[in-house]
Amino acid sequence: MTFIPISPNERDAMLKTVGVKSLDDLFDAIPKKHRFPKLDLPPALTEMEAAAHLSEMAQTNENVREHMISFLGAGAYNHYVPSVVDHMLRRGEFYTAYTPYQPEISQGTLQAIFEYQSLMTNLTGMEVSNASHYDGATATAEAVSLAYAQFRGKRKKIVISPTVHPQYREVIQTYSQGMGLEKVGDDESANAEAGPEALMSHVDESTMLVVVQYPDFFGRIHDYTKLIEDAHAKGALVCIVANPTALIMLKTPAEMGADIVVGEAQPFGIPLWYGGPYLGFFTTKKSYVHKMAGRLIGETVDSRGQRAYVLTLTAREQHIKRERATSNICTNQGLLALASALYMSTLGKTGLQQVANLCYQKAHYAASELSKIDGCDLCFDEPFFHEFVLCCPKPASEVNEYLLEHGIFGGYDLGQDYSSLQNHLLIAVTEMNSKQEIDTLVEVLKEMSHE
Amino acid sequence: MNKTGGTIVEPTIFELSSPGRLGVRMPASDVPETALPQKNFLRSELPLPELAEVDVVRHYMRLSKFNYSVDGGFYPLGSCTMKYNPKINEDTCRYPGFLYTHPLQPIETVQGNLALVYELQEWLKEISGFAGITLQPAAGAHGEFAGVLIMHAYHKSRNDTKRTKMLIPDAAHGTNPASAGLLGMSVVTIPSDARGNVDLKALEAACDDTVVGMMLTNPNTLGMFDENIEKVVKLVHDCGGLMYGDGANLNALLGIVRPGDLGFDVMHFNLHKTFSVPHGGGGPGSGPVGVSAQLADFLPAPLVGVVEEAEDDVPPLYGFVTPKHTIGRMKAFHGHFGGGLVRAYTYIAMHGPDGLKDISQYAVLNANYLQARLRDTYKIPYDRICMHEFVAEGQFEGSDVRALDIAKRLMDYNFHPPTNYFPLIVHEALMIEPTETENKDTLDRFADALIKIAEEAKSQPDLLHNAPSTTEFGRMDEVKAARELVLCCWLPENYETMK
Ligand SMILES: Cc1ncc(COP(=O)(O)O)c(C=O)c1O
């Protein structure tokens, strides 16, 4: 009866109004032989016991704030979240409401998400943003659906860079099973180390979409302007999967001419949380808005002449279009869109620039110190932001084991996804990594290379 | 900037911005400086707001007050299970061990997380009667997509390639046909009969060897448990199809019946409905999928499993496993762990088997009580014992009042309206789901308000047409929003020189 506010007397009175004798009598429609199964579950815990039990489970983990020095990134980043963010998220008015179907009593959510859309368009330089997607990977898969719908299935080829996040490419594979697509560019034989030029040979008049990442999965910053020009000349659309922290500093994808810019906004105010829930952002040009999936909030006025916000262009969505909808998304990531809006607002332009600069500075210090170690080299010459590939004298899995013994998560072992990169560690550095942590990493790796 | 011309109630965060104002600051760099990349790699401007912390707090506080919420009042939004969300969930999901673990850490360092996922998998299997489960999908619709992919993969693995038809009742939620549509399946709509059950004759006629399966919500969106469920399942199975259960309405069935026992082959859960993950103003949700034994090999990868068995004093080692014929990955990393799975785990742990049954019994009692109180005033087109929700008609003979007007008028009585215009098979539908976390007084006040509104509809219909009148905002010009399509705002044009 933990959260049920009904007394036995009230229950009996209610049963009488309904016209049945007992609670069990409400379930006559259910096949008798399957009715009221005995569930084999642990007995109920009180709040105090549940808190203790979960706290113990949580403490079984080694976390990156209290126990470990971490240089793991690869799609999820350890950033500082200003205190304000969670204080506002914990307002019941925000987190215990649902999708703002009734705009008269949902202007808090509606205006906050409208502002989120505005922040994302200003960050990417694009013209419209939707209200959110599940995560960066599903947002990327939805970009494929947009392109597919745009060409009404007449173009069926997508060109994907091998340096798009491997898991994002897997999700595109899963999502596009019903489309009969031809996917090229990222197969086993592709040279993952090549730059964007290498993709161009695949792009032709049957190509609907080119997908690249910025900075790419190896942390490299490419200017995609030329690639996009060439792809456009063939009539194809281009989607850039972008890291929002990097966008604070770098040339916008819009300036390069991108048609769709998506990505993972977890770095903006969302805890690591062992991988989710995160926040997929999706921005594009206004001309594609009718093909875009997901919720969209627009400005209007109410009956009293006040400025207000509503869910708009809902005719694109599943509840109207049903089997002809381009996406089936319904519940999205509302509260996390609010989190990222809070993050951007609280840090503001200056704070965000400080975060980006710290990431850049610390990553470059780390790269420069690490590359001085015997046998360790930076794998690429291209400029990078806060993530880079270190080529080690031993398999990355062994390096990571050694580092783990010294309390360090060394980086992402690229050999897991790229057979030619067995000795390669993808190292991410953020404002959370002190110089001392970086120096410790360098020291431990030096020791290792001397052993 | 105010493109649509309305008076401003609360300025946007961009309008509140002032050049040079500072928010939270970051520490100075503690490493030697590196030059930035060449200029052609950098952006020329960053047109984002500048505010002080207090400006931000006041802005969002004011916005929050414009919202109706479960914490603030009764929210009987049918099909959404807007139950009270226990506050302890908000604490447990923020324990540092959960908040600060990276999804790519070595498994040895996240055994707490993996044990939680594993146990939750086992619990949900027990609750639903399924043999396998994935916790990866991000929401109900995402789970549906995974489920439909699994059904597709199963038939394909048997070289049964002519199956392209998905049977879906007319009362179904839009995500069901949309999910089938994503795989290019054709949707065959099956009507409901006069008692709100699947029309068996129509179903029988549609069943042939081109059927992928049937997507059924049970109890359905009328709140009716299908009285012929075993016959429905048999018809679909006999033609070689699979039964998909839309588990959005599982709040009626905990400890009452297990969908797996009824013969369903696949089902998604909505942890944000049944298991008290808060709805967040529109997510994040969580949409695990359970499957029968014959489909377990097709589940999305990876799942959490035991990779080294327990021995004497040593606990088992949990890790990731890939099902043999997996449909692939539905999203990056491992599902909505922190915000979804930890909260649902906390909730189930605090209920146990008897507590779970209480939830469904009282959810069903509350719905039936409201239905009984409203029966004489509102037409209930499918009038029998309902499950956790029921659908009434929001219209009266000889009146031009519509369900929308009734919904808006309820706001003047301080209630969130029910779902309206869904399911599509009821005219002017008002779909009412009280959940188990409301007391009798609240239900009585709500019933009284609806009865009063029915009177007003006759005596003062304009009260309804013009409602709401006591809320901060009135009805919206939705046409203007769609026509003018103002989808974002910017800093004012003269921003740098202002203030
Ligand atoms: C019956 C039904 N099915 C499916 C869904 C989709 O679930 P979600 O919004 O979590 O994607 C919903 C909820 O909105 C629903 O009510």
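## Reading a predicted two-chain model

Chain A exposes about 14,700 Å², and carbon and sulfur atoms supply 48% of that area.

Me: What kind of model is this, and how many helices and strands does chain A have?

Reply: The model is predicted. An account of a chain may begin with its secondary structure, which for chain A comes to 15 helices and 15 strands. The C-alpha atoms of chain A fill a box of roughly 80 × 55 × 50 Å along the principal axes.

Me: How much of chain A is buried?

Reply: A residue is called buried when its relative accessible area is under 20%. Of the 451 residues in chain A, 66% are buried. Among contacts in chain A between residues at least 6 apart in sequence, 71% join residues at least 24 apart.

Me: Which domains are assigned in chain B?

Reply: In chain B, domain 1 covers 1-67 and 469-499, and domain 2 covers 85-466. The centres of domain 1 and domain 2 of chain B, taken over C-alpha atoms, are separated by 37 Å. Here four residues of domain 1 of chain B are in contact with nine residues of domain 2 of chain B.

Me: Which residues touch the most other members of the largest nonpolar core?

Reply: A nonpolar core is a set of buried nonpolar residues joined through their side chains. The largest one here has 178 residues, and Leu209(A) and Tyr60(B) touch the most other members. Helix α13 (residues 334-370) of chain A gives this core its largest share, 16 residues. Apart from this core lies another, of 130 residues, among them Met57(A), Ala252(B), Phe337(B) and Ala454(B).

Me: What does Tyr60(B) touch?

Reply: When residues up to four places away in sequence are not counted, Tyr60(B) touches residues of chain A including Met88(A), Phe94(A), Leu338(A) and Leu342(A). From chain B, Tyr60(B) touches Ile13(B).

Me: Why is the ligand site described as shared between chains?

Reply: One looks at the chains from which the surrounding residues come. The site is shared because residues from chains A and B surround the ligand. There are 15 surrounding residues, and the closest are Thr331(A), Ser79(B), Asp246(B), His272(B) and Lys273(B).

Me: Where do polar side-chain atoms of Thr331(A) and Asn270(B) lie?

Reply: Distances between polar atoms are the place to look. A polar side-chain atom of Thr331(A) lies 2.5 Å from an oxygen atom of the ligand, and one of Asn270(B) lies 3.2 Å from an oxygen atom of the ligand. For His272(B), an N or O atom in the side chain is 2.7 Å from an oxygen atom of the ligand. The protein covers 99% of the 390 Å² of accessible area that the ligand has on its own.

Me: Is Gln121(B) buried or exposed?

Reply: Gln121(B), in helix α4 (residues 111-128) of chain B, has a relative accessible area of 5% and is therefore buried. A polar atom of the side chain of Gln121(B) lies 2.9 Å from the backbone oxygen of Val304(B). Leaving out residues up to four places away in sequence, Gln121(B) touches Ile133(B), Leu135(B), Leu303(B) and Val304(B).

Me: Which peptide bonds here are cis?

Reply: Most peptide bonds are trans. The bond from Ala301(B) to Pro302(B) is cis, with omega near -10 degrees; Pro302(B) is in the loop between β7 (289-291) and β8 (303-308) of chain B. The bond from Phe422(B) to Pro423(B) is also cis, with omega near 0 degrees, and Pro423(B) is in the loop between β11 (419-420) and β12 (429-432) of chain B.

Me: What is the phi of Arg322(A), and what is that of Asn414(B)?

Reply: Most residues other than glycine have a negative phi. Arg322(A) has a positive phi of about 50 degrees, and Asn414(B) has a positive phi of about 70 degrees. Arg322(A) is in the loop between α12 (318-321) and α13 of chain A, and Asn414(B) is in the loop between α11 (403-412) and β11 of chain B. Arg322(A), at 15% relative accessibility, counts as buried, whereas Asn414(B), at 57%, counts as exposed.

Key. Residues numbered from 1 in each chain as written. Chains lettered and ligands numbered in written order. Heavy atoms only, no water. Core = buried A, V, L, I, M, F, W, Y, C linked by side-chain atoms within 4.5 Å. Buried < 20%, exposed > 50% of the residue type's maximum accessible area, 1.4 Å probe, protein only. Helix = DSSP H or I, 4+ residues; strand = E, 2+ residues; numbered from the N terminus. Contact = heavy atoms within 4.5 Å. Near = heavy atom within 4 Å. Polar contact = N/O pair within 3.5 Å; in protein donor to acceptor, adjacent residues only side chain to side chain. Areas by Shrake-Rupley, 256 points an atom, 1.4 Å probe, with all protein chains shown as cover. Domains from an automatic or database assignment.
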